[in-house]
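Take a moment to open both, and we will go through the structure part by part.

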Amino acid sequence: MINSLTTLTALLFGLPALLGLIGIALPAFGYFPALNKTSLSGDAIRQFLATPGLWQASWLSLKTGLIATGASLCGCFVILATSSSSSMMAKQRRLLGPLVAIPHSTIAVGIVFLLAPSGWLMRLISPSLTGLNEPPIWGFVPDTFGFALILGLIAKELPFLLLLALSASATLPLPRLLAIGAGLGYGQFTSWAFIVLPIIYRQIRLPIIVVLVFSLSVVDMALLLAPSLPPPLAVLVLNGFHDADLAARLPASCGALWQIGLVLIALLLWRLCERLVGAAIQFCRWRGWRGLLADHFLGFLSMIAILPMLIGVMGLLAALIWSVANGWFFPAAFPASFSLLHWQDIASYLPLVSNSFLLAICAAFFSVMVVFLWLYHGRGQIQQNQFLQAAIYLPLLVPQISFLFGLQIGLSWAGIDGSWPALIYIHMIFILPYIWLILAPAFGKMDRRHDHVASSLGLGPIRRFLRVHLPLLAMPISAALFIGIAVSIALYLPTIFVSGGRISTITVEAVSLAANGSRGPAGVATMLQLLIPLICFGVIWLFLKYRFGGLTNMQGGK
Amino acid sequence: MPKNSFYHRICFIISGLYLAFTITPTNAGDFNDIQKAAKGKTVYFNAWGGDAKVNSYIAWAKKTLLDSYDVTLVHVKLTDTASAVSRILAEKAAGRTTGGSIDLLWVNGENFAAMKHAGLLQNQPWVTSLPNWRFTDSKTLPAIVSDFAEPTDGKESPWGRAQLVFSFDSARLQTPPKSASELANYIAKNPGRFTFPQPPDFIGMSFLKQILIELSGVNPSLYQPVSNADFDAVTEPLWTWLDAAKPNLWRSGRAYPANYPVLRQLLGDGEIDIAIAFNPADASAAIARGELPNTVRTYIHDIGTLANVHFLAIPFNASTPEAAKLVANFMLSPEAQVKKADTTVWGDPTVLAMPKLSDAQRIAFTELARGIATLSDADLGRTLAEPHPSWVPRLKAAWISRYASGN
């Protein structure tokens, strides 16, 4: 009974992605009753294959996705290897929290505004250095190679991976591992690369795959940063779903399936790279390479790795300035005058902010509760059953564009689309995997001796949970809540597909404003959007500090 | 699933109630019943939300509707109208014939044609029974009953008029090019300083149509279904024009802005010299908001520019069709139309016929300030009619197959 409860809930959260896939597969093979197409045929597939620019679009997606993920991971590891002490790591974690919460669209807008020929960097040096009173006609953003998109993805994914890697390294006996490295005569770089990073890599492998899948199918960032002739595959598919010609949905469904194929190809290539890098490390170890020279470059490399994050921060700064700018034209380095014109509309954004807030808090809290249900009643069951694991991770491993249209039909059929429960439910399926990923290992490592002591003092299971487990797990729970809230706030496509436009969030508003070139209002929306995770972060941090300040050190039996 | 059937049951009850309400008023033609049925209802109005001016106008309408009629208008801001059409289709696919998520939709042209042919609109005509319909005149403005030459059949209510206008910064450009051929010369002489929103964007497609109409000498076959015409022969001049222009477009024609607000921003940033909008007052309003320098002015081509009407439609499965009709009627009222025509609010020209208004109502329109960059009605007098809607998908497909692979 209890075990079937675990199975049931795990399946419940994998179901939407599965239903969505079916809802996509049927029209892909020509079955779409709403357009009186009720027999299976290969027409849609043939039409899809004839899409102009299909192969360039697929290549663009594959290229940008793989490079962005690889570069994010390298950058993340370089920064890790540079951070020498655990106190420095704790500081980094606190800095990264808000950075992870910067929405994709904000970073994209920031990059465009920084690097465009008429952008901030050019304005800062014009006309003084360049002699230009008009922006030059050569342009970088968006470039045909997809470099701007790669940069944007790194700016977003590097902090995310770094945060997870830092969490993973917190559970490792770092000083001991590094001492072993030093004992073997390794430098700082090689100690990390040969001893620590492989362990961390294994721990964060799943989130890396998630980043890869996301980068391959990103839409909101691609709209602003990617080339549009042709666009990356996911945008091409979305255009099909949004085509005024309703029959275009059928080939678009094929595209959604092909997006999954592309993900599989990317995963294969990634696996190949893993093997190659693994072999290279083996070879270096075997040759006895100590790599002391590499340490000299470490500082320089980590500076480069920090650059994309700096761009994210600059983008935020630009958004803030635009929100109060009144007339800011090339080549002025700063607005001619300031006004609060755009901030006067703040009242119209507040319902959206409260929607985002409510949605994120509910989805994150419920997800933590569900994960605790699994932890107490079926931890082993989920960890041993690959099928159940797949059900939990499915929503993150299948590209969003590949199942959302089908999911929309499914929810509509059930009559619950555009309702709060449906929206919270769908947000939960995207949050749960992360929370499981954070809480399951922490729960496993919890020092059971405290439990035994409490038990011998006569505390029942509920009181043990409240008075022993919760305080012991306070850190990971708050990390899980924060990640959950940040993920929920950033969800764009799932929110518009599931809400049916009936429940809008500040993120949807910010993306729409940014995509429509309204820099001022988009700046206001972005600031408000960022406020939510910042407030949550602050509240959680204060709560931890004053409520559990003395207890967090008990973790790991130190 | 018990929940499922619970919702279905509620849907049935609600649809039953609506049937009870809907049948009587339209037949009786009595708007009071509609008002009664609409009271306390919420109307989900799906409208493109990419322009701050339009959004603030809808916010004004929302407040007025709540105060005067106890109807709650919720503006669902779309990035693309076709996405709403897509959602209605998804609902039809799911068999939801009532209780749909969209009550009212801002639409025209090919989206309307697609909805009409896929049966996604209210089954019965409802527009001419609106009380404020008497202020319009389809004889002087036939476009209110014929949307891109597609008969509206009383299934969408006119909301506003639009005309393609070009804007330029008079501080940097003295004499803007006023025809397709002059524009071609301008582009050749000023590489990198002109572009248009990437088709199939609405304004991008409109620009293609404008150039095509000009180059083809207003070819009459453009106003017939495309199947009756030799598409390749008629459109040949357009492709020649585009092929010649492409290397000298902004970013060498390898990238295009996504939509007209982004295009306007490029003009503000000084990256391009000429921008396009489908609203004569757009530039003035942007100047007022500090998005364009106050030296920006507008012009139209000598032969005239594309003009059309945009509409409000009610989907077949709207949850509150009566309240949606009430909103459509309100939007057609002289009060709402004056507010909409005000440049400081939106600056969207009215669809009402001046002779049909009272003196006071007419004066309200004539007293509106025009805005620093807005042309006079006389200057905007030359218009070109929209081609038959069937041309749009063909043009779109042809543009995509020629230019979308990026070579």
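## Domains of chain B

Across the boundary, 14 residues of domain 1 of chain B are in contact with 14 residues of domain 2 of chain B; two residues count as in contact if their C-beta atoms, placed from the backbone, lie within 7 Å. On the domain 1 side, α5(B) provides the largest share, three residues. By class, that side has four nonpolar, five polar and five charged residues. Here Ala, Val, Leu, Ile, Met, Phe, Trp, Tyr, Cys and Pro count as nonpolar, Asp, Glu, Lys and Arg as charged, and the others, Gly among them, as polar.

A note on reading along: this is a predicted model, in which local features need pLDDT of at least 70, side-chain atom pairs count only at pLDDT 80 or more, and totals for chains, interfaces and linings use all residues. Residues are numbered from 1 along each chain as its sequence is written, while chains are lettered from A and ligands numbered from 1 in the order in which they are written.

## Strands of chain B

Helices (H or I, at least four residues) and strands (E, at least two) are DSSP runs, numbered from the N terminus. Two strands pair if DSSP finds at least two bridges between them. β1(B) runs parallel to β2(B), joined by seven bridges, and Y44(B) has V74(B) as its bridge partner in β2(B).

Six of the seven residues of β1(B) are buried, a term for residues with 20 or more other C-beta atoms within 10 Å of their own, C-beta atoms being placed from the backbone. Elsewhere in chain B, β7(B) (residues 165-169) and β8(B) pair in the antiparallel sense over four bridges, and V165(B) stands opposite A277(B). From β8(B) (residues 274-277), I274(B) and I276(B) point one way and A275(B) and A277(B) the other, and all are buried.

## Domains of chain A

Chain A is assigned domain 1 (1-41 + 340-558) and domain 2 (53-308), whose C-alpha centres lie 23 Å apart. Here 39 residues of domain 1 of chain A are in contact with 38 residues of domain 2 of chain A. α24(A) gives the most to the domain 1 side, with seven residues. That side divides into 32 nonpolar, six polar and one charged.

## Where the chains meet

The contact between the chains takes 60 residues from chain B and 52 residues from chain A. On the chain B side, α4(B) gives the most, with 10 residues. The residues of this side divide into 25 nonpolar, 21 polar and 14 charged.

Definitions and conventions. A residue is buried if 20 or more other C-beta atoms lie within 10 Å of its own, exposed if 12 or fewer, and partly exposed in between; C-beta atoms are placed from the backbone. Domain bounds come from an automatic or database domain assignment.
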